[in-house]
Amino acid sequence: MSKINFHIPVLLQETLEILDPQSGKTFIDATLGHAGHTIEFLKRGVFVYGIDADSKNLKIATSRIKKLGLSKNFTPIKNNFSNLEKIYKSKIKNKRQRSHPQGDIDAIFFDLGLSSNQQKSKNRGFSFDDDQSLDMRLNPKTQTITAEHIINTYHFDQLYQIFTKIAQEKYSKILIKKIIDARKKSPIKTGLQLSQIILDHYKKKNLYSKIHPATKIFMTLRIVVNQEFENLDSTLKQTIKILKTNAKVLVISFHSGEDRIVKQFIKKHSLLGKITKLTKKSIQATKKEIRDNPLSRSAKLRAFKIN
Ligand SMILES: C[S@@+](CC[C@H](N)C(=O)[O-])C[C@H]1O[C@@H](n2cnc3c(N)ncnc32)[C@H](O)[C@@H]1O
């Protein structure tokens, strides 16, 4: 394997303080990525089931853990975390009774979105300068709708919903018209083509953006393609079904829509007496962390425990 720049784990210290990894505990890392967080759990003696829908990241994480000599307490699982309950019943519950009889799952950890290598990769469609693809599926084997399909076939009204409600893009009507004009001439097939249309729109409208102008639209397309809001909502419900009293759930999100889902879930189920909040407000990265790792700038961490 060529040299990999591993994803830098976000809000790591804050995660360790809340989840309190200790020898003999068992965690599910629902978004394994490059195992940045999981490695710290494993070093402290935790058994970890690491889930990722992306086979490449699962391989990278598994080999990284092996090289560090931490494989003994680690089980990789290729799946979408939206199947959490099924995964727990088929791969964890029965296995645990045989191998680690000391209890159930103590914590489930979510670090949503993409790892840095996925964002930069040149043939997955996630990147602004990808000149090969506008795909954006986490798992092309199980998913059918791509970002290319959405951009080239959705009607104005469908794109308007996505661009305003999720991306909260200003002047989206004008931008959508530009996209529709462009696709009439020839299909928009790459991240580069789409990001250039957005850049051009920003320039013509004299719009200023601290981050790359295409960031919001790309993130939104990824969220829609991978049904990220629906999956998060349904998976949080599943955590209550499979976890024992005092088990913890911690979510790091990067989009206001995701954070709203977590916040509302915590509010509703706290009122029902099913869970207890562990974070009064969302926890965000310090200035230093943002300086060292700009990807952490929009991260919000919330956690709760099961009653
Ligand atoms: C931000 S990265 C996690 C980084 C990791 N905590 C680290 O420090 O290396 C998110 C990972 O979750 C995976 N992922 C995102 N949504 C998923 C889902 N619904 N099911 C399974 N894996 C998912 C992505 O493929 C990616 O590898």
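Analyst: Helix α11 (residues 228–242) and helix α12 (residues 256–271) pack with their axes 10 Å apart, at an angle of about 25°. Axes here are lines fitted to C-alpha atoms, for helices over the stretch in contact, and angles run from 0 to 180 degrees between N-to-C directions. That angle makes α11 roughly parallel to α12 (the term covers angles under 35 degrees). The crossing of the two, α11 and α12, is right-handed, meaning that the near helix is turned clockwise from the far one by less than a right angle.

This is a predicted model, where local features need pLDDT of at least 70, side-chain atom pairs count only at pLDDT 80 or more, and totals for chains, interfaces and linings use all residues. Residues are numbered from 1 along each chain as its sequence is written.

So who touches whom? From α11 come Glu228, Phe229, Leu232, Asp233, Leu236 and Ile240, and they meet Gly257, Glu258, Ile261, Phe265 and His269 in α12 (contact: C-beta atoms, placed from the backbone, within 7 Å). The residues of this contact divide into six nonpolar, two polar and three charged; Ala, Val, Leu, Ile, Met, Phe, Trp, Tyr, Cys and Pro count as nonpolar, Asp, Glu, Lys and Arg as charged, and the others, Gly among them, as polar.

Stepping back, the protein chain has 13 helices and eight strands (DSSP runs numbered from the N terminus: H or I, at least four residues, for helices, and E, at least two, for strands). Its C-alpha trace spans about 65 × 50 × 40 Å along the principal axes.

How values were computed
Parallel < 35°, antiparallel > 145°, perpendicular 65-115°, else oblique. Contact = placed C-beta atoms within 7 Å.
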